[in-house]
Structures are given as C-alpha cells and as structure tokens.
Amino acid sequence: MIASPLMLMTVILPLASLFLAIRPQWQTIYRYSLPLLPLPAILAGLMAELHHWLELPWLLIGGLWGLDELRQTFLLLTSVLWATAGIFAVGYLETRKLRPFCLFWALTLTGNLGLIISVDLASFYSFFALMTFAAYGLVVHERTDEANRAGRVYLAMAVAGEMALLTGLLMAAHQAGSTLLTELPGAIAESDRSGMIIALLVSGFGVKAGLPFLHFWLPLAHPVAPTPASAVLSGAMIKAGLLGWLVTLPFGELSLPAWSNTLVVLGAIGALGGAALGLKQVRPKTVLAYSSISQMGLITLMVGAAMANMEQAATLFSVIALYALHHGLAKGCLFLSTAVELPTQRRFRWTLWLLIALPGFSLAGLPFTSGAAAKLAMKAELKLEQYDFAVAEYLPLIMTAGAVATMLLIWRFIWTLHQSARRGHNHPFKWLGWVAATVCSLVGFWFLPGARSEAGHSWFVLTPGELWSLCWPIVVATAIAAVGWFTRGRNGSDLG
Amino acid sequence: MTLWLMAGLLFTPLAWAVLTLLAGFRRGRVVTWLGIAIQVLVSLALWAVVVRDGGFQYPLGGWQAPLGIELRVDGLAVTFVLLTALVAAASGLHAGFYLDPDKQWHRYFWPLFWFLWAGLNVVWLGNDLFNLYVGLELISLSAVGLVALGGQSEALRAALRYLMAALLGSLAYLLGVALFYGEFGSLSLSGIASALGQDSSGDGTGFALVLMLFGLALKTALFPMHRWLPPAHGIARSPVSALLSALVVKGSFYIAARLWLELGAPLGSLALAQLLGLLGGMAVFWGGWQALRQRKLKQVVAYSSVAQIGYLFLLFPLTWNTTEAAALQAQQAMTLQVISHALAKAAMFLSAGNLIMSVGSNRVNALAGVSHFLPFSLFSFGLAGVSLMGLPPTGGFAAKWLFLQASLATGQWWWLVVLLGGGLLSAAYVFRVYRASFVEDSNIDHFFHPARRLEIIPMILALLSLGLGLMAEPVLSVMALTFANGEGT
Amino acid sequence: MTTGALLPVFALMTSLTAAVIIFTLPEQKHQLRTAVNLIAAVLKLLLVGLMIWGVFQGREYGISFPMIPGVEFVLRADALAMLFAGLSASWWLLTTVYAVGYLEDSPNRSRFFGFFSLCVASTMGIALAGNLFTFFLFYEMLTLSTYPLVVHRGTQQALRAGRTYIIYTLTGGAVLLFGIAMLHGFSGDLPFRPGGHFADMSPDLQAPLTLVFVILIAGLGVKAAIVPLHGWLPTAMVAPAPVSALLHAVAVVKAGAFGIVRVVFEIYGLETANALGLLWGLAAIAAFTIIYGSARALSQSDLKRRLAFSTVSQVSYIILGLCLAGPVGVAGGLVHLVHQGVMKITLFFCAGNYAETLGIHRIDELDGAGRRMPGTSVAFTLAAFGMIGTPPLAGFITKWTMGTGALAAGMDWVIAVLVISSLLNAAYFLPVLNRIWFREQKNAWPEERQWGRFETSAWLLWPPLITAGFLVLAGLLASASFSPLGWVELIVAREVDL
C-alpha cells in the first residue's frame, strides 16, 4: 500500500521543489536538494508493489499510474542516474545561472520519472512533453552560440517528434477506444491502418531514442549541456523513447517482419554508423553522444527482433530492459567522468583512469561487468533459429561488429579525454557523485531488480566459450586502436 | 371631457401664441412652461382616452361632416399628438435656455413655436383636405419664421428659399384639393374614399393625387426636391432645427401617407408607387453620401434627415397592391420610423447644439477631444446616432426590421439594398463624428460647459428613441386601433 | 415573474447598471469607480454561478416579451448559454482588475469603464439570448460598445484601427441582419432549440436554407475572424491590452464563434446542416483559417500582432470542431471556446504587462524579460505552450478531443490540420519564449517603470497568474465534472443528442 504515496511523491516532490526557485536567496538550498529529488522514485522502484494501479480519474482524460517489471527497471535506472548526477551537479554548478539550472533540472526530472510511472496515455504524453521541453533549458544552459544552435535543432526535431506522437497516439487511442497504454498494442494490431500508426510511433519516439536519421540533434545537444545534464540526457532520457516503443508498439500481438527488417536495418546503421561518426570526433562528450546512438542502435536490433516474433517478445523485453539499465548507468558514469579533474599525484591518476575506463569497457562487454551480462543475454535471445525475417541472418554479424565498434569508440573516448583532461581540485560533491555513479554501474547494477530478474542464470559464472565470445571483439578493437594510434602518429587527431 | 381635451389641444397653442406675442423672451419663457405643461397633460389624457375606448370621429363644434370640421381621433393620430407634445416640449425647454434672451428677435420664437404646435395638431387630427391644408400652411409659415430667427443674412436666405419651396408645395397641394372638390363635391378624406369605392370613375382625380403628392413630397424634402432642407435646418438655431427635422417634415409626409392609404388603391399605380419608393431609396443614398461629406456638424445632421425621410417613402411601394399583412408591416414600419426619427433627430440636433456651444465652432473636426470634456452630450448624440443607423434595440432598428420583412414578404427584395446600405452609410457619417470626438492630440483649452439641464433633455429623447425598439409592440398596439377604424370608416 | 425569470435579467443588469453609474461619475472619483466595477463584476459572477448551479440541476431560467410585431425578446439560460456566460463573467472580473491597474493615471477612465461595462453587458446578452433576434440585438450592441474602447488612446493609429473595426463589424452586422430577416421571412421567429428547427424540412426549402446559412455565417464570420473576414483583428491590436483581452478572449471574437455555434446547433441542427452539406464548406474554410492565421503570425514582429493572428487561427478551431458533427468533435470545439479564451487572455495580459512595465512592444525587445518579470513570463509561457497544444495544458485537451472527434467522424485530414497548426504555433511561440528566458538582455528596456519590490503592479500581475493557473487546471483536471470539458460534455449530452 506504499505504492500510491510513493508514486505521487515521485512526481510531486520535484514539482514542489520549484517553489525554491521563487527567491534568489533560496538557491543554495535548491542546489543541495537536487540529489534528494529522485529519492521517492528510488524508493518506489525498490519497495512499491508491482501491478498496483493508482487511479486518478479526474486527471486529464483519465489517469492511471503504476509499475510493472519493465517500468520498475526503467524507474530505477532513471532515478538512480538522476540522483548520482544530482550529487555531481551540486559540486559542478557555479553560482551563476544556478536557479534556472535547478528549475529545468527539476522539471525535466519530473517529466522523466512521471512518464515511466504513467500507464495512461495522457499522463504519459504530458510527462514526455514536459521532459522534452524542459530539457531545452538544460541544453542551452551555457548560452553559447553552439548551445543555442544545438537547442534550436533539438527543439525543432522534438516538436516534430511530438506531433508524430500525437497523431499516432490519437489514432491508436481512437482504435482502442481507451486511453490506457496497455490497450494500445492490441488496438494497433487490429487497426487497418496499423502500418501508419506504427510508423508514427516509431519515428515519434525515435527522435528521442536517437534512431538514425532522426538523431541529428543528439550529438549536438548532449555534449553542449552541462555535464550532469549530459549524463541524464544520454543515460536516462534517451531511454524514454525506448520505453515509448516498448509500451505502445504491438509486441506479442502479431508478427510484423517488414517492421523487423526496417528496425534491424536502422539499428545496424545506428550501431555501426554512429560508431563510425563518433571515431571522427575530437571532444569526449561528442564521442560519447555518438556512442549512445550506437548503443541505442544495438537495442533497436532487439526491438526489431521483438516485432517479428510474438513468443519471444516478453523475454526480449527483459533483455532490453537489462541492456537499457546497463547502458544508462555506464553512460552516465562516462559522461560524468568528462568533468572530473585529474588529481596531481600519478598514482591516484592511474586509479582514476582505470575507474573511468571500466564503465567504458563494460559497454564493450568486458567479462564480469554489467555489459557482459547484457551482451550475453542479448546474444542468447537473438539466436538465429528463432527468427525468419529477411535480415535476421545478419544479426550475429551486426552484434559482433557492434561490439568491436563500441570498443573502438571507447578507446577514442579515452584518448580524447586524455587530450582534454585537466588537473586540479574537485569539489567533494563532484567526487561523491562520480564515485556513486561508478559504484552503481559496476556494483549496484547486480543488486537492482532488473538485473535480478534473470536470476536463473548467474552472470558471474562464464563458460570459456562465452568468455571468448566476449573478449575477442575487445582484443580486436584494442589491436586496431593500437595500430591506428601508431600509424597516425601520436597526435591522435584523426584516429578513425 | 373629450370636448375639453380637444379644445385644449387645438386652442391652447393658438392662445399661447397670442399671449407670448405680447410678452418678451423671458416672460414668454415662463408663460410657455405653463403652456407646455398643459399641452403635455392634455395630450397624455387624450392618448389615455383612445387607448381605453378606441378611436373616434369628433365633429368640432357639433356640426357633422360635410358642413363642419370633423376631426379624426384614432390611435395613430394620438400617438403623433403625444410625440409632438414630447418633442416640442423638449425643444421648447431646451430653447428657453439655449437661445440668447438678449437678442431682440428671439422673442418671436415663442409665438412661432406655438403656431407651429397648433398647426401640427391640426394636421394629425384633421380629416378633411382643406383643414389639412390650413394646418400645413400654419406649419410652413411658422417654420419659415423660425428659420429666419437665426438672424444672419444666411439664415434669411435659407428661410426665403424654404418659403418658396413651401409655397410651391402648398400650391400644388391646393390644386389637387380643388380638383377633388370639383369631382366629388366633398373635402372629407373618408367621404372621397367611400365615393371612389362606389363608382370607379373619377379619371381626372389620379392626376390630382399626383399633384398633391408632389406638393407634399416637396414639403417633405424628398430627393431630388430636398435642396431647401439642409441650408434651412443647418442654419437654424438648434432647438429650431430639432423641431423642423423631427416634426415639420413629418406633417406633410403624414398627409401624403394618409392620402395614399385611403386613395392610393383606386387612384395610384404601380409606376407611381415604385417611383416614390425609388426616390426614397435615392434620398437614402444621396443624403447619406452628402452627410458624409459635410464639414459642419449640423449640416451632417441635416443631410441625415434627407436620408432618413427617404426610408419613409418605402411605404408607398410596400402598400400598393400587396397583401394585408405586408401592408400592415409597412405601415407599422413607417410609424415607427416617424417616431424614432423624430426622437432621435431632435436629440441629435439638441446635443449637436450643446456640442457646438461648448467648442465654439460648428465644424466636425473641431470636436477633437470633446469626449474628454462633454461625454454626456456626446453620448446623447451617439445614442441618437445608433437609432439612425438602425441598430438594435432602437426604434430605428424596429422600423428597419419591419420594412425588411415587408420587402421580403412582397418580394420587392431591391429595397433590402436601400435598407442595409442606407444603414451602413448612416453608420459611416455618425462614426465620422464619433471619430472626430475621440481624437486626443488636440490641445483645446478653451472650453465651455453647457448647463446640465441642456444636456439632460437630449439624453431623455435619445433614451426614448433607444427604448422604442424594446417597446415597439405595445406602442404599435395602440396604433393598430387606427387601421381597423380608419379603413373601416 | 419568478426568481427564475429574473436571474438572467439581473445578470444582465449588473453590468448595465454599473455602466450607467460609471458614466455619471466624475473622472477623478477613482476609488468609487473601481469599487462599482468590482462589486458589479463579483455580483455578476455570483449570479452566473447561481444560474450554472441551477442549470446543472436541470432548471432553466428565462424571460420573454414581444418586442416588434412577430418578434420576441427572449433571454434564456441553458447549458450552452452558461458556458459562454460563465466564461465572460469570470474573465470580466479579472479583466476589470487588470484594467484598473493598466489604466492607472491615464485619462478618460470614466468613459473607458463605462463602455467596458456596456461591452460586458452585451456579451452577457449574447450568451443569454434565446433567439436569433435577441442575439443580434446584443451582437450589435457589442459592436458599438467596443468601438470607444478600440479608439480609446485617440491616436491616429487607434482611430484608423477603430475605423477598420467598425467598417468590418457593421457590414458583418448588416449581412447578418439580412440573413436573419430572410430566415424570419420564411419561417417566422425561431427560438434557439436543441436539434434545430429544420429536422424535417421540405425539399424546396433546401436551396434558400443553404443560401441563408451562407449569409449568416458570412455575417458572423466577421467577428469570428474567419479568413478573409479577419482583417480588422490584427489592426485592432493597437487598443489597450485589457481591450485586446476582451476582443480576443472574452467578447467579440467569441461572440462570432458562439453565434455560429448557435446557428449550427440550435437553428439548423447539426444533422440538418450536415445533411445539407454545409458543414463541409465550413470545415474547409475553418481549416484554411487555422493554417493561414498561424502562417501569418510567423512573420509578425509586433508581439500583439502576432497574438492577434494567433487568435484568427485559434478561433477557427471552435468552428472546425462543430463541423466534425459528432459528440466528441463538437465537445472539442466547444471546450475550445473556454480554453482559447483563457489562454489568449493570459497572453494579452502578459503582453500588456511587458508593454506597461518595460515598454516592450516588439518581439525582439523581449530578450531577457523572464529574469526581470518572472511571474508574467511564467504565465506567458504556460499560455504559449497551451496554444501549441502541449499536454497537460488546456490546449491539449482541445486538440485531443478534436482529434478523436475527427477520427470518429472519418475526417482524418483534420488531424493533419491540427498537426500543421501546432507546428506553426510552436514555430511562432517558441522563439518568443526563447527570447524571454534564454537570451541575455541587450539594451535597456524601452520605457521601464519601477513598482517597488515586485516586477509590476499587483493589479497587473495577479490576473495573468490566475488565468494561467486556470489553464493548467483546465487541462489537468479535464475529466473532473466541474471542468470546462465536463460542462461541455453535459451540453453535448443535452443539446446535440446525436
């Protein structure tokens, strides 16, 4: 029975914090309260009963909030990441423009958490829009020309995406005769215009999820935002688009091989193309942004596969959630590490580099990290024999290439970070935030419900085959990186 | 009772005319107040009698029709009597304060005023052609005199012009009367009507009707015979203009309308009816257009009268050979138009007088910034303007609505153009005045505040004209007595 | 005469009486005038509240008496009337408060508030009118009483705007009168009646009915600013901000739209109008207006002009909603009557605040205004997002309901119109918001006035904050029975009965 108050507080607490923005004198309080804002959400994720629905009939066109396994994983990922990024932000922020930052932070957070716990369409769409528009404030926070331009592109694409969503949701809801998200997939499956609805929803959410050709804003906007904001943008908010796909598209209702083909192709383009473009970047945050596109491409592969196979959809969902959880936490750490100043002592520096690199290697699937768990689960689910759509046979190839590309990109990131990193003193909260994020990514991951749900298989115990399959892409990529590094000279200006 | 009322109505004005002729302006004013009180009370009483008992024929002095003078006291007549009492009282009271008592010639205002009133009552109540003529002459001559009171040579010129037109009109009318008398040996309107009903001869009398209508139209300033009106109404002092525009032109029109309603069916023709309507329509547009172009405030109002009179002439085509219902609507429309125009135009002239008095100039553009100082008079002017535009809920609107309905019912849709276009045109000239008064970038500091009582009188008239639309039904129900009785006898 | 009959009359009389009292008050009696204004506004709100409660309980209030032979003067409070009456009564109170603050120390306040009250009385009359004739009466009264407000400043520009306004509206009035007279000619006095009067008309009436419909819509369309009859609206933005709020949100534009609602619903009847094929044409015009207004708004550099073109676009939502001819679509259109009002009134209040406090008129002067005037800017932002149709604000509810209605009616192209319009709305509102919040102030404000520790006078600040709060609540609580949407659904259930 704790679920209802926790869910309400999840939304109300960050919204209520807006009052702290009224008086300039309160901004210090506001700054220190940032890490606390997602606390109810974390508690909800850990303690709330699943499938407990909170009915809010007066809200919009009828509200219904609640959690299921999928939402629980996303809620935990989102709230934990926001909390650690919030801690980091306390140390990161300057006094100048503190109030606007806190304000947009809280608004974006509200949207991001709210959309996860929404089961009805109107609340979901409302929170989604709130997140989209409030994030603009975070993107343009620095007010540089670059930030303004990024903001403009972001906003234009976001609005277009919103409109696609509105249309798609309208048509789906009309077909369903209901405004509950749970009713939509079935209705879309039955609709005689399902193709159009799916296209609208895929592209509408695709803007947020960095789907190739809808991604243009992403490498512009994610890097220019203040670092904690970049972390949540790339780690948490990008997953909102994914969640949108998962809860609206007709998975498990009918198999749509055409859509599978499309999504897999798009995923492949994202996974490999994103990485290829990322290799040409010189700024660490831009590299990470392209890495996000690449990773989301890999996830898109699974989404595509789930479209094709009705029976596999449910299990694929948990793998997608697992992958999202892993990527979100790791990407959060990586973004935060771009703003960490290196200690002056050499010994500490090496430790630090190791800790920075570990979440990166985890992305590439280093054994005994969250990435290994996610990759293995993904491989297990994307076995050839389960699928019969046209491009299914290329799935393993794409995954392998993706793993190599990921590792290359990580090396590129480390190199660019090494080039740009400064030495100096870090605010204690910055340390705390970064350490917390890293701990969550490397250790905390294993204790989160999303990871636990695959308990039938212990991810720490690896067969040699698995070990090999995980390691060889890393080794290959490292070798390529080393060769590239030596042939291009040590200036590293153009590794790709 | 009735005897006293009739006597009061017809002879008090004559008596007061003589009384005030003997007094100066100031004393005449006091005497006039008393007279006004009597006249208003008498008119009200007569109205009440008719409302209670219905209309009746009243032989003056007890002699019956062909020999004596017979008065027709019906709903329409008493309504107009009451209207006259109202407007004349308002103008008289206003004039008492508005006119400069120190100007020698202003003392003649009172006797002329009373002669005018007497003439009007004769016209409303008269039932034989010669009586009507006498009333008409009384009206015309006193009106000319009142115009001449303006004093300047310009006023005299205008008065002279007016006099010529009035005389020509009278002449034409008189000729017609003579022709009728020669044909039927009777001057009583109802007598002629019943004679015509019995034998359908009387070929020459069609010409007589045309002659009389021409004379009356000239006196009513129907386009294109309107040229005398704007100078006369424009140059006269404001209370005089109010009387002239509100009542005097209605006198001659009233006779024309009665002639038409009683004799039009046998003697008129489609062409004549349409011609009169057409001239009316042209008057609406020409008057409106001219009003829009005038520089002087009172000329605007005067040309507006030309336009408004035009509407009245729609009565002719809409009652000739049409269904009874449509004809009734047209008659109701005409009466409402007479009343509302009388009230609105009187209000407009009186408030225009106030405005001119306060800014010391009669140019429209001199009104800049007046809305700042004199919202009350401007407001009266505006309200009256609303009625002229024919916007609801004014009497002007009610009249327009009924005309519209009658036009649609008789299939004469072309009058819609006149009614709607004329409304827009009048809006254009009224708003031109408003607009001038709202201009803020003037820096007049010389500004005269007229007395409150001068401002209240036009306001009351304007409000009455505004309320007429809401009260049209009860007002018309009194007048409905007319037609039942009038056509029956 | 029971209280039931008198309630509408009283509601009408409150502002009429206020007008009369104010006209006779001397210019310098500022406080007395304000008191009269506020008392009348509150009283009216209470009366309307009372009527709304009564109508909700199923009662009907009304009064009628013959006016001109064949024509009755009818006041009637039904659910639809109360929608508009409630809207105008509540926003009148706020606009009055705002106007008191806005016109502080300016000349001719007596005149202004007098006509202001008259204007609201007319609006109330339009809401309560029980037949076309009574509607027309107040409709024209509205025209006349708004003219002095439009030209209030007395500048050449204002006078020109006033002229344009009066030419458009009076001509529209004449056309409307023509239509009413024609309708009256062949069917007599027509009270507004749910379902209309022509449910089973004879076939030979079809042609004249179609003609009359076109004429009526052309007449009403002037006030509703349907393209190409919209020319007066952007010009009239020179009026003081409270007047603009009144023109755009409460009275004039709404009167036109409300008239169209009455004609379609209660004279012709939705089904008849649809059967005659009239709604298609109307829908096409409305759709064009929606797009055209938004597109024109894009290129305006004056804030109020941009808002004015936005009104042109938004009001046609109401009309488009009607044309969807189904309970949901109609509800979407009707609820926009309230939603557009609250959003646009907020925007104009805010535009007025910028103008009055900082002297800002053009959009490019707004840089950094959010920091200087946060309260106003928050209200402006909420209203702008509402206009775009962002959930959970009021505009979203409109768009959603209309979209669902369009799908139900099989008019899918309406969705495209909604989407294009939303995109255009975003394109002309978001840059403004960007300037307000995310640009640094470049130059000194054109004409800054200091108000102590607050950003502006409390009279000016509270009204937009309240309306902004309302537009959030109207969206958030849309499913509650007391929300605008709830009330509209009640109307649709009672009136349209499809």
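I began with B:Phe403 in this predicted model, and, leaving aside residues up to four places away in sequence, I found that B:Phe403 touches B:Tyr311, B:Leu314, B:Ala330, B:Ala333, B:Trp415 and B:Leu419.

I then looked up the largest nonpolar core, which has 597 residues, and B:Phe403 is listed among those with the most contacts inside it, together with A:Val139, A:Met302, A:Ile320, B:Val147, B:Ala346 and C:Leu83. I noted that helix 14 of chain B, residues 324–359, gives the most to this core, with 20 residues. Domain 1 (1–250) and domain 2 (254–496) of chain A both give residues to this core, and I therefore place the core between them.

Next I turned to chain A, which is divided into domain 1 (1–250) and domain 2 (254–496). Taken over C-alpha atoms, the centres of these two domains of chain A are separated by 23 Å, and I found 41 residues of domain 1 of chain A in contact with 48 residues of domain 2 of chain A.

I also asked which helices of chain A supply at least two residues each of the side of domain 1 that touches domain 2. They are helix 4 (69–92), helix 9 (194–209), helix 10 (217–224) and helix 11 (227–248) of chain A, and the largest share, 16 residues, comes from helix 4 of chain A. Sorting this side of domain 1 of chain A by class, I recorded 28 nonpolar, 11 polar and 2 charged residues.

Notes
Residues numbered from 1 in each chain as written. Chains lettered and ligands numbered in written order. Predicted model: local features only at pLDDT ≥ 70, side-chain atom pairs only at ≥ 80, totals over all residues. Core = buried A, V, L, I, M, F, W, Y, C linked by C-beta atoms within 7 Å. Buried ≥ 20, exposed ≤ 12 C-beta atoms within 10 Å, placed from the backbone. Helix = DSSP H or I, 4+ residues; strand = E, 2+ residues; numbered from the N terminus. Domains from an automatic or database assignment. Contact = placed C-beta atoms within 7 Å. Nonpolar A, V, L, I, M, F, W, Y, C, P; charged D, E, K, R; others polar.
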